[in-house]
Amino acid sequence: MLGTYTYNKIIRKTLIAFGTLFNNIEVRKENADGSTYSRMKVPLAYGPRQKFLARITEQPDLNKKVAITLPRLSFEMTGVSYDATRKLGAVTKSLKPKDAGTVTKQFVPVPYNVDFELNIISKTNDEAIEIAEQIFPFFQPSYNVTIKLVDELNDYRDVPITLNSVNYSDDYEGTFDSRKLTIFTLQFTAKTYIFGPIGTQGPIKKAKVDYRTNTNLQAERQVAYEVTPKALTDENKDGTTSLSSPITKSTLTFDVDDIVDIVIGGFIEIGNEVMKVKSKPGGNKIKVVRAQNGTTASAHAAGAAVDLINAEDDALLDSGDDFGFNEMTSVFFE
Amino acid sequence: MRNTFFTHGTRNEQFLQQNLVEEYLKMFGMDVLFIPRQLVSKDSVFNEEIVSEFDDSYLIEAYMENFDGFQGGGDLLTKFGIRQSDEVTLVISQQRFSDLISQFLLLDTDIELGERPSEGDLIYFPLTNNYFEIKFVEHEEPFYQLGKNYVYKLKCELFEYSDEKGDIFEGDEELVDSGYTVKYYYLTTPGTSAVASTSLTNGAIDSIYLTDGGSKYQEAPTMTITGDGNGAAAEAFLINITVSGGSPLTSAVIRGTVKDGSLRSVRIVDGGSGYDEDRASIVVSSPNLGGTPATVVPTFTNGVLTALNITTQGSNYTSVSLVDLTSAGTGYTTTNITFSSPPAGLTGEFKVPESVTGGTTGATASLVEWNSVEGWIKLKSPTATFSTGETIMGNTSGATVVLENRDEMASTDTKYYENVAFEEFADDILDFTETNPFGVIS
C-alpha cells in the first residue's frame with residue numbers, strides 16, 4: 001500500500017556524520033622536558049559487526065600477537081525514536097529546481113532522534129582523560145553538524161548532536177589476575193529528519209485568475225487575468241544580426257547588418273546591454289532606448305552580436321532564472 | 001622447639017633440589033624470551049606509566065604449567081574488536097633467572113626491579129608467536145621445600161599494546177600500523193627542469209620562448225636570466241587561464257598559483273572590458289597526463305571580469321605553461337634562462353626501521369616501512385608534521401628523500417579501524433564550510 005520505493009539512507013548518513021566527528025583524535029606523550037615523545041591517532045570503529053567478518057579481518061592467520069591495541073574509540077547506535085516536539089504540518093511541501101524543465105518536490109520530513117553511545121577505552125587514566133577532553137568542550141551541550149540528508153534535494157540540514165551523559169569507570173580493585181580497565185561511556189542524541197519519496201514536476205509557467213461577480217462557480221466569468229514569464233535578457237544567443245560599426249555608450253541610432261527580424265517595440269541585447277527598439281528610420285538603421293531591464297549602457301565593437309529577446313527566449317526560461325511578466329487581461333461581456 | 005637431630009634442608013640439599021628443578025625445566029620446558037620493561041617516565045598523580053620501552057630480550061627455559069592449552073577467555077568479540085584473552089602460567093627457575101638475567105637488569109637504571117621478574121615485563125612465546133605480559137609473579141609455590149623457594153610462577157596474559165616503543169616492536173610488521181603512521185610519497189624518478197630561450201631587440205628581451213615546460217614541479221619554479229646586460233626578470237606559472245570569446249574591447253589577464261599539482265588561487269591582473277557575458281568562457285590549460293582539469297567560474301559585472309571562483313582544483317599541473325616577462329632589461333647581446341629544479345627523489349638506501357629527521361622542520365619520526373618501487377615511506381609517531389618539499393634524512397643510513405606528497409590518514413591498519421572510511425563517506429554528505437573543530441576534514 002505504501003508502495004513507492006524510497007531509501008534516502010538518512011540514518012546511515014547520521015551515523016557517518018557522528019562517527020566522523022571523532023576520527024581525528026590524537027593522544028600525545030611527552031618527554032620530561034615537555035617535547036613530544038610520540039603522537040598517536042586513536043582508532044575509531046563502529047562497534048557492531050558480523051562475527052565472521054571480524055574474525056577474517058582481524059585474525060586472518062588465526063592468532064593475534066597481542067590481546068588488543070589501545071587506546072580505541074568505539075560507537076554504536078542504541079536507539080531510534082520519534083521526536084514529537086519538532087514535527088511540522090504534514091502537508092507542507094518544498095519545491096526546488098532540479099535540471100532544465102524539472103522541479104523536485106518533497107513533503108516535510110518526520111523528525112527522529114537517533115541515540116548513540118561512544119566508548120573510549122585506554123590503558124591509562126591519563127590517556128582516557130586526554131581523549132575525553134578533546135571531545136567535551138564542543139558539546140555545549142550540543143554540536144551542530146550540517147548534513148546533506150537527501151542527495152537529490154541538495155538540502156543541507158543542521159543536525160544537533162547532544163551529549164546527554166558521561167559515565168566513567170576505572171576498574172582496578174581485586175586480585176592481580178584481573179586487568180585494570182579504564183572506560184568512558186558517552187551517550188549522545190542526534191536530532192535528524194527522515195524524508196519520504198521525492199517527486200518531480202515541471203516549473204509553473206502560467207498563472208491564471210478568473211473573476212466572477214457571482215458565488216456560483218458555474219456562472220460566466222467576467223474578467224480573466226493571466227501571466228506568463230517574460231525573458232529580461234537573451235537566453236538563446238541567437239545572434240540574429242551584428243553591429244555594422246562601433247558604438248559608444250551614448251549612441252542612439254546605429255546600423256546593423258540586417259534589419260528584417262528586428263521588431264519595433266521589441267528588445268534586443270548587444271553585449272550585456274538590453275535596448276528597446278523605438279523605430280527603424282530607414283536603411284539598416286535602428287533607433288533605440290539604451291540600458292533597459294536594469295542593464296548599463298556601454299560601448300560595443302563593430303561585429304558584436306545583436307540578439308533578439310522574444311518568445312523563444314521566454315520559452316527557455318527555467319526555474320531559478322530572473323524574469324518579468326507577460327500579462328494578459330481578458331474581459332468578457334454578457 | 002623442633003628436633004635438632006633432623007635437618008629441614010641443608011644448603012647442599014637445597015642446591016640438589018635447585019639442580020633437579022633446573023634439569024627438569026630444561027628437559028620439559030621450552031625456550032621463551034624474557035623482555036624487561038624499561039619505565040622511562042611515570043605519572044605521579046595517577047600512578048601510571050607514561051612511557052615504557054622494550055629494547056632487550058633474554059632467552060630462558062620455562063615450563064608451561066597449563067600443558068593442555070591456554071587458559072583465559074579465548075577469543076572474544078567486544079565492542080572494541082576482537083580481544084584475544086589467552087593466559088598462561090610459566091614456571092622458571094629462580095637461580096637461572098638470577099644467573100642469566102638479573103645481572104644485566106641491575107645495570108639498567110630504567111628498570112625498576114632487577115632482582116626478579118616483575119609484573120609488567122613481557123614474555124615472548126615463540127611457539128604461538130605471542131607477547132604475554134606478566135601480571136603476577138608467584139614465588140611461594142611450592143611452599144618452602146627444604147626451607148627455600150626454587151621457582152617463580154609467572155601468571156601471564158596477552159599484552160595490550162598501546163604504541164610502546166623499543167627495538168622489540170620497531171620491526172614487528174603486525175604492530176607497525178598501530179599508533180600513528182603517515183605515508184609520504186616521493187618521486188621515484190626526478191622531474192626535469194623547464195627550458196626557455198629569448199629573442200632580443202636593441203639589447204632588451206622582447207620575447208621568451210618556452211621550449212620545454214619541465215616536469216614534476218610542486219610549485220612554480222623561479223626563473224633566473226643571466227647574460228651581459230642587466231635588469232631582465234621573468235616569472236613562470238604552472239597553469240594558464242584565459243577568457244575565450246565574448247568580443248571584449250580589452251582582454252582580461254588572469255594568473256593562477258599552483259601547489260602540489262592543484263590550482264590553489266587565482267588573481268585577476270586585469271579584468272578587461274566589454275565582455276559579452278553570455279558568450280565569454282574561461283579556458284584553463286590542460287594538466288599533464290593522468291591529471292584532472294581545474295575549473296573556474298567567472299563573474300562579470302558590466303562586461304568586466306570581477307571575480308573568479310575555483311570550483312575544481314584539478315591535479316597534475318606540474319609543468320611550466322606560461323611565462324611572464326616582468327622586466328625586459330638593457331644591454332644584452334646574449335642571455336641564458338635557467339629555471340629552478342623540480343624536487344629530487346631518493347638518494348641512498350634506508351634501513352628499516354630507523355629514525356629520520358626532517359631538514360626544514362627538524363621533526364623526527366621512525367621509518368617503519370619503505371617501498372622503493374611505489375616510492376613511499378611510512379613514518380611512525382612524527383614529533384611534528386613534515387612539510388612537502390622537505391628533505392628527510394635517515395639517521396643511521398644517511399639516505400635522503402624529498403617529500404612530494406603526504407597522506408595523513410593513510411594508516412593502513414584496516415583491522416577494526418574505520419577513521420579513513422568515515423572520512424571518505426563524510427566528504428560527500430557533510431558541510432564543514434566553517435571548520436571542523438575536531439580536525440582536518442578535507
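Does Lys64(A) count as buried or exposed, and at what relative accessibility? In this predicted model, Lys64(A) counts as buried because its relative accessibility is 11%, where the cut-off for burial is under 20%. Charged side chains are the topic of this briefing, and a search of the whole structure finds 34 salt bridges over all chains.

**Salt bridge within chain A**
- Lys64(A) and Glu58(A) meet through their side chains in a salt bridge, with an N to O distance of 3.8 Å.
- Glu58(A), at 7% relative accessibility, likewise counts as buried.

**Salt bridge between the chains**
- The side chains of Glu157(B) and Arg179(A) form a salt bridge of 3.1 Å, N to O, and this pair crosses between chains, from strand 9 of chain B to the loop between strand 10 and strand 11 of chain A.
- Glu157(B) counts as buried at 9% relative accessibility, whereas Arg179(A) is partly exposed, with a relative accessible area of 23%.
- A network of salt bridges links Arg179(A) and Glu157(B) with Arg83(B), Glu87(B), Lys135(B) and Glu160(B).

**Salt bridge within chain B**
- In the salt bridge of Arg37(B) with Glu133(B), the closest N and O atoms are 3.3 Å apart.
- Arg37(B) lies in the loop between strand 1 and strand 2 of chain B and Glu133(B) in strand 8, so the pair ties together parts that are 96 residues apart in sequence.
- Arg37(B) and Glu133(B) are both buried.

**Negative surface patch**
- Asp407(B), Glu424(B), Asp427(B) and Asp428(B) form a negative surface patch, to which helix 4 of chain B (residues 419-429) gives the most, with three residues.
- Asp428(B), which lies in helix 4 of chain B, is exposed, with a relative accessible area of 55%.

Notes. Residues are numbered from 1 along each chain as its sequence is written. Chains are lettered from A and ligands numbered from 1 in the order in which they are written. This is a predicted model: local features need pLDDT of at least 70, side-chain atom pairs count only at pLDDT 80 or more; totals for chains, interfaces and linings use all residues. Side-chain values use heavy atoms; hydrogens and water are left out. Patches are made of residues with over 30% relative accessible area and no salt bridge: like charges are joined within 9 Å, nonpolar side chains (Val, Leu, Ile, Met, Phe, Trp, Tyr) within 5 Å. Accessible areas come from the Shrake-Rupley method with a 1.4 Å probe; for residues, only the protein chains shown count as cover. A salt bridge is a side-chain nitrogen of Lys or Arg within 4 Å of a carboxyl oxygen of Asp or Glu. Lys and Arg count as positive and Asp and Glu as negative; His and the chain ends are not counted. The place of a charge is taken as NZ of Lys, CZ of Arg, CG of Asp or CD of Glu. Helices (H or I, at least four residues) and strands (E, at least two) are DSSP runs, numbered from the N terminus. Buried means under 20% relative accessible area, exposed over 50%, partly exposed in between (1.4 Å probe, protein chains only).
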